[in-house]
Amino acid sequence: MDNVLSVEKLTKTYATGFAALKGVDLSIRRGEIFALLGPNGAGKTTLIGIVCGLVRASGGKVTVDGFDIAQDYRSARKKIGLVPQELATNMFETVWNTTVFSRGLFGKKANPAYVEKVLRDLSLWDKKDDNIRALSGGMKRRVLIAKALAHEPEILFLDEPTAGVDVELRRDMWEMVRKLRESGVTIILTTHYIEEAEDMADRIGVIDKGEIILVEEKHALMRRLGQTRVCVSLTRKLDAIPDGLFDLPLTLSPDGKSLSFTQAGEEAERGKDAGLARLLKNLLARGVDFASVQSSQSSLEDIFIDLVGKSR
Amino acid sequence: MNYSAVRAIYLFELARTWRTLFQSIASPVLSTALYFIVFGGAIGPRMQPIDGVPFAAFIVPGLILLAVLTESVSNASFGIYLPRFTGTIYEILSAPVSAFEVLLGFVGAAATKSVLLGLIIFATARLFVSFELVHPFWSFGFLVLISVTFALFGFILGLWADGFEKLQIIPLMVISPLTFLGGTFYSIDMLPPLWRNVALFNPIVYLVDSFRWAFYGIAAVGPAISLALTLTMLVTCIVVVVVIFKTGYRLRT
């Protein structure tokens, strides 16, 4: 697999003695959308900070497309665009000037047509001559993205890009992320909205207390760790679990009025419907009437809470 | 060398001058003009010439330096402190630029502003007083050298400061008084021997003295020692900046 970013044994201990990263290994594949999840203080921003040059690593090695971030920092950083978590903007500058500045800072020749395209894609074109301080929070976030894209990066870091952003902008932003991925840009994002990672990412990494506790394809992860729960509410009380269904992990509620079972992701994938169908047929054959049938699949969020909870 | 980045930072910083035109240019020019009116116009004619130079003309180099020194320090310190304060420094830290290029952009812009300011005040002074430059080349050379040195000092101050108060305190409480006491309005030879010796510990005395030498060819301590001192200050500032960037002090955690 072609890795565009590789992190080896990365450690960071701050001057206060706090160990933010404890030997992180991570490889990011070219062209993927990678979601880095973790609770507050897990080390997400420190990790991004080191890769982008904001934080000094205490140990370990990071290469961006083969360039070491310490020795070949110019080549490495040219490939990276960073959208930081905080809305840090040059308040008194215009949108156009600040974007052109970013492009120049990264050593790219002026290209007004490209900058125009970036601003148009982010619906910032009609605001190009506005002072940034006059823009709304959501618009400022777009400006930060425009700045990060101004030098045509191959890797885009989005650190909590949708924190405090309205629904419309979040939708636009994910649309843009998809387009960028189609154009070959690798995207690494951290987010608190786990459903976004579930919706967007190709692979998920979970970091907690400075350690990567899991990296996996999203679909494989959901299959492996996801669960399906089925619950059938009965109109009449049952005394025991009906015969012929002992192979299903059924439980009868204490009041005898509902039957439920939980299947792990992989089993559920293979035979969830079969199990549910057999249960319903069996109940019908016995004349046991039921009021409702509920089936729910665990989300990435459940998996995440479970994972992080276990490591505590 | 990432020239494009140096250019971007330099132009960005200069653009800030236009936005704050009053603060950066108009206000120092106005206050200097007031000095010329009061000390040059009103009091000057009652004063005896110093070393053969009329008082109104005598104070010109010192007044130019007073504005240039404070503005160099203020501009450069504000230039680097502002992005630290607003958080926009992230972009410079993540860009493919070396410490030297960042320095060239910020200090270059601040020094450019100071040189322009010095020339504008020079032109303003000519409206009030007539004088001839004895060493025009050296006058300009000292102006550039001093602007760069103090812009570097301001850059260090901007990295060190952790609040706006600290930014203002150095130009206001250190640079300004030292310049006033540094022989702007008098020759240190006019001081009693004890205070003349004390004054020699004030580095600004040498700057004003050498600048005045470049203007009128008169000097209390001589241009060579002043030049050596200015260059020493310049090198010291460069060394401090190099150490700052090497250790990441206040920039990279």
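This is a predicted model: local features need pLDDT of at least 70, side-chain atom pairs count only at pLDDT 80 or more; totals for chains, interfaces and linings use all residues.

Student: What is the order of the strands in the open sheet of chain A?

Tutor: The order is β6-β7-β8-β3-β9-β10 in chain A, six strands with mixed pairing. From one strand to the next, the twist averages 15°.

Student: Why are β6 and β10 of chain A said to stand at the edges?

Tutor: β6 (80-83) and β10 (211-217) of chain A each have a single partner strand, so one side of each is left without a neighbour in the sheet.

Student: What joins β7(A) to β8(A)?

Tutor: Five bridges join these parallel strands. Phe157(A), for instance, has Ile188(A) in β8(A) as its bridge partner.

Student: Which helices pack on the sheet at β7(A)?

Tutor: Helix α1 (residues 44-52) of chain A touches β3, β6, β7, β8 and β9 of chain A, and its direction makes about 150° with that of β7(A). Helix α5 (residues 137-149) of chain A touches β6 and β7 of chain A, and its direction makes about 170° with that of β6(A).

Student: What makes β7(A) a mostly covered strand?

Tutor: Five of its five residues are buried. Both faces of β7(A) are covered, with Ile155(A), Phe157(A) and Asp159(A) on one side and Leu156(A) and Leu158(A) on the other.

Student: How are β1(A) and β2(A) arranged?

Tutor: β1 (residues 3-13) and β2 (residues 19-29) of chain A pair in the antiparallel sense over eight bridges. They form a hairpin with five residues between them, and Gly17(A) in the turn has a positive phi of about 100°. Asn3(A) stands opposite Arg29(A) in β2(A).

Student: Turning to chain B, what is its mean pLDDT, and where is confidence lowest and highest?

Tutor: The mean pLDDT of chain B is 88, and 98% of its residues reach 70 or more. Confidence is lowest in helix α2 (residues 21-43) of chain B, at a mean of 82, and highest in helix α6 (residues 136-160) of chain B, at 93.

Student: Why is the aromatic pair of Phe106(B) and Phe155(B) called tilted?

Tutor: The ring centres are 6.0 Å apart and the planes meet at 50°.

Student: What makes the pair of Phe150(B) and Phe153(B) edge-to-face?

Tutor: The angle between the planes is 65°, with 6.5 Å centre to centre. Edge-to-face applies over 60 degrees, so the label follows. Both residues lie in helix α6 of chain B, three residues apart, about one turn of the helix.

Student: Why does Phe150(B) count as buried, and Phe153(B) as partly exposed?

Tutor: Phe150(B) has 5% relative accessibility, so it counts as buried. Phe153(B) has 32%, so it counts as partly exposed, because that class lies between 20% and 50%.

Student: How do you know that Lys166(B) lies over the face of Trp160(B)?

Tutor: The distance from the ring centre is 4.7 Å. The distance limit is within 6 Å, and the direction must also be within 35 degrees of the ring normal. Arg212(B) likewise lies over the face of Phe58(B), at 3.6 Å from the ring centre.

Student: Why is Ile92(B) called buried, and what does it touch?

Tutor: Its relative accessible area is 9%, so Ile92(B) is buried. Not counting residues up to four places away in sequence, Ile92(B) touches Leu105(A), Val97(B), Val102(B) and Phe106(B).

How values were computed. Residues are numbered from 1 along each chain as its sequence is written. Chains are lettered from A and ligands numbered from 1 in the order in which they are written. Side-chain values use heavy atoms; hydrogens and water are left out. Two strands pair if DSSP finds at least two bridges between them. Helices (H or I, at least four residues) and strands (E, at least two) are DSSP runs, numbered from the N terminus. Axes are lines fitted to C-alpha atoms, for helices over the stretch in contact, and angles run from 0 to 180 degrees between N-to-C directions. Contact means heavy atoms within 4.5 Å. pLDDT is the predictor's confidence in each residue, from 0 to 100. Rings of Phe, Tyr and Trp (its six-membered ring) pair if their centres lie within 6.5 Å; planes under 30 degrees apart count as stacked, over 60 as edge-to-face and the rest as tilted. Buried means under 20% relative accessible area, exposed over 50%, partly exposed in between (1.4 Å probe, protein chains only).
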